[in-house]
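Please examine the sequence and the three-dimensional structure shown below.

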Amino acid sequence: MQLKNEVTTGGVVATPEPKTAPENLDGYQVPLGSISGPAYVTSQLLVQQTAYKLSDKIFSFSPETFDLDLAVKQWSHAAEKNIHGETTTVVPLQTRAGAGTFALGYIFSTDFDLSKRHIPQTLLAPSLSLRHLRSALDQLSLLYAVASPFVAHIAAADYSAHDGLVTEYESALQIAEDLGLGLVSSASAYEAQHMSLLATLLATLLPTLHVYDGLRTARETLKVVDALSEAAIADLYKKIAKEAVSLNKRLDIAGKLVELLRLFNSELGTSYAPFEYHGHEAPELVLVVFGSAEAQLAKQVVNTLAAEGKKVGAINVRIYRPFIEEAFLEVLPESVHQIAVLGQVRDTAAVDDASVQSALYSDVLTAVSFADRSSEATVVDVKYAASTTHTPSSIASIIRRLTSKDNQGEVRLALHALEQVRQYTFWDLDNSAAVGAPSALGKLLAREAPSNVYVHEAYDNLLQGGALRTDIRSSEKPIEAPFAIEEADVVFVGEEKLLKDVDVIKGSKSGSKLILRLPNFKPEDLEKRVPAPARKQIQEKGLELFVLDSSFSPALEKDGQLLAQLAFLQVARPDLTLPQLSKMAEVAQDQVTLAEVSDALQQALKQVEIPAAWSEAAEPLTAPLVQPKHTSFVPFQKDEPEPSLKVDSFQEAAKGLVFKEAYGTQIDLRPDLTVKTFTITVKENRRLTPLTYDRNIFHIEFDLGDSGLTYNIGEALGVHADNDAKQVLDFIEFYGLNADDLVQVPSREDPAVFETRTVYQSLVQNIDILGKPPKRFFEALAEFAADEAEKKKLEFLGGKEGAEDFKRLSEVETVTYVDVLQRFQSAHPAFADLVRIVAPLKRREYSIASAQAVTPTSVSLMIVVVDWVDAQGRQRYGQASRYLSLLKPGTAVTASVKPSVMKLPTKDTAPLIMAGLGTGLAPFRAFVQYRAMQKAQGKDIGAILLYLGSRHQREEYLYGEEWEAYVDAGVITLLGAAFSRDQPQKIYIQDRMRQTIKDIVKAYIAEEGSFYLCGPTWPVPDVTAVLEEAIAVEAKESGRKVDPRKEIERLKEDGRYVLEVY
């Protein structure tokens, strides 16, 4: 997935010229005033329309490809007016730690125009941004009495490395509960505009979140018959807002909300409620659901089952916060025996964890437990992960499991509403010539009357370089079907390679039609080109198979999109004639081409008879077929222009120095780097472990001199280490290079910036020639191999088939780029090409082991030399640690500073609980130095609990004398040292923590301290378990009920549980 605005240290994004304006299904740009009545739109567009019309400012946290603010930026650029007679300002911001402070600064600024205090301020963001907005929303909630109305329209969308894009509601529910925010949800695109308006009105009472499905419902183009115009939005908002001012002041927030909703329904003629019941009039089982797709599906499934006599129902939670228990109990039928809460949790691990409850379950359980009901009802938590994609069958299966004891597999359920709907699915690669055909067909079908056309696209950029699935539904009546097509009338496959990896036939209806585009088709080759599993499914489902072959005519290849449209229409809509298509205009931009392609189609499109033998058992699969994951909203950008790299002589460099302006020459200390760099010198370099010990851990201190380098406690020092000079010279001789030739090479920090170096300098300081090559290097190097056997071997190592061999080379033999070039000597790229395919040398970062307030002219590091013996018996070293260990006092080094999550608490009296393994103790030395200085100044400091771990005390008691001196001085309260191999039974850092758990309870819980862990990742679960035990102990002693895991999550949010692991 391409997320352009990722977590950064930046703030406001410079507002660029807006990209292509938002379009409706007909491909036209959408002016603000054109949205009215029957219109093809997305719910995302309707949300932006409402936000723009009602807001003073819109603060947007939209990743570029999410397009949550595309329309509002276009309208603002065009100076469209809001209902207040002004142009709404759109402020694009980046998702990062502390996000939202810019908006707070505006709202509470002393320069704020108080005449605008009644005008709403709006935020547009995906749910993935909420965790970074929490702090700002918390402050806003506390100061809301003096703030403008604030509404956040949240598209429920997050990205998981394993599952791709997911519809994620949990963070919104949790943050609304924790911070006391209002929370309203849209159940469908048809009501997105209404709920956006209601949420903005509710914001006059409390800060409000409006949540809607950010994946399917938000982006599916469909016809909304009663879309409100901008004039209607203005009239409704002004009228209801005016009446809301006179609401009974004695009512609490929930009471005012009920009254506000009554006014809203009265004006719109709607019947929205905080909770809405659907299904059997006397149900025994009721599902409680939250979310767009969940609400639509549950409603339709229970209505279908109720019509069959099943006693089931569903309650859609429209307003989650405030959770009005009276309203919930009012719609809950008395006949209910079981209430199943369909509650979302973050992932499958949380689903399997019995200690984790969904947020919605807790509210429903509380409401039912304290209700005065004639009959008792059990409440169960039916958890599902954010990655779960619901369908009618999955909802029906949940109901079956809850009502039946046989616990059978998934139930297949088709909605009656789809029986008269024509459904089509298109599969293709995103760089196909015909990839735009489905979208064009959607526009064409929308011109039929009466018609309601639904178009949805899903990109999987990780499948075969980028695949696209497009679903089109066409019906006479409006429908609600927020899920992928399961029974397509026609399936079109534009790329035959997809048949090998993707189960494209699974979603076809029995007896439906399948179109395969097979260039250079020969009937005798059909079985070879259609995999056995697909052949078996085609026969079993009784599909009609059509083959589209455009290869016999270059004209057809050129007009691939038009050909695909006509082929589809001939199969799906044989009733349409060429003149009718011409009138519909979408495919008739060139009447001559249309006629030519239509004539040629008679030869290009053939129906193929299905042999009966295809029903025989399929050949075993080499790999299971997959269902693509929705990983992006846009195609994968494959074409990245590569800058030309060239080797020059010193004369060319001289021109650059003499004619600086003409050549754009910049003379500076490492001008290529995106971060500020400094030259510092080695002051001290001493080994901390004995010479006879097998691990070289050393302390190195640098003199800052007049470099201007400053650093904060907990930050890291980035060292720009050199490659070993002897090994570089050996490579230059082996490869036949001239060490003094000049070459333009990409900087090690920013590949987009180039610098001119000698070949020797570039290999020492810019190119990671002695580093470990990734898989793609073998693939790239294969292009230069002159020997066919070496070429095939390199391709093998760079491909899927060579994964095991590549792993052995990388992890066992630990080969370097040089090793590979020496092994495959027929692959000899020119140096400019070598620079392109070898990774740049990166700086290495180490936690700083000193506090500048204590040692103002120096900076210290503690480092272990990484070394090993490879499979050939050669001694190998980590590049940076080896380089630093050999530096002599006085040597100049280029360095930079990197911010870190390791920060001291703002209160000096807050305790510190620190756990460091090996060199992970480095930042804690800085922490303790600083606290010791404060104590010496007469300030009160909090308790310090320091836990350290290493193998042996005699050899690895790192900074041991300093720690003991700090204990004697009363700076360190408790020193828990774990030397794992100094006794028969191994003792680890978590053991020392568990032995002193009472001290942790006091410092961490009672005195609100902060916990820090620095070092390798392996002890994280064990150390966290001890902290959870401490939380549980304190809760038990104080008689409180606390979920330790949730408490750890809260502590993370508050910056009191900090990990820096590697």
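Helices (H or I, at least four residues) and strands (E, at least two) are DSSP runs, numbered from the N terminus. The model is predicted: local features need pLDDT of at least 70, side-chain atom pairs count only at pLDDT 80 or more, and totals for chains, interfaces and linings use all residues. Residues are numbered from 1 along each chain as its sequence is written, and side-chain values use heavy atoms, with hydrogens and water left out.

Just after helix 28, Thr814 adopts a positive phi of about 45°. Helix 28 itself spans residues 803–812, and its buried residues (under 20% relative accessible area, against over 50% for exposed and in between for partly exposed, with a 1.4 Å probe and protein chains only) are Phe806, Leu809 and Ser810. Seen down the axis of helix 28, these residues fall within an arc of 90°, so they line one face of the helix; the arc is that of the directions from the helix axis to the C-beta atoms. An α-helix has 3.6 residues a turn, so residues three or four places apart point the same way. The face turned away from the buried side of helix 28 carries the exposed residues Glu804, Glu811 and Val812. Helix 26 (775–782), helix 27 (788–798) and helix 29 (817–823) are included in what covers the buried residues of helix 28.

In the whole protein chain there are 38 helices and 39 strands. Of its 1062 residues, 55% count as buried. Among contacts (heavy atoms within 4.5 Å) with a separation of 6 or more, 77% join residues 24 or more positions apart.
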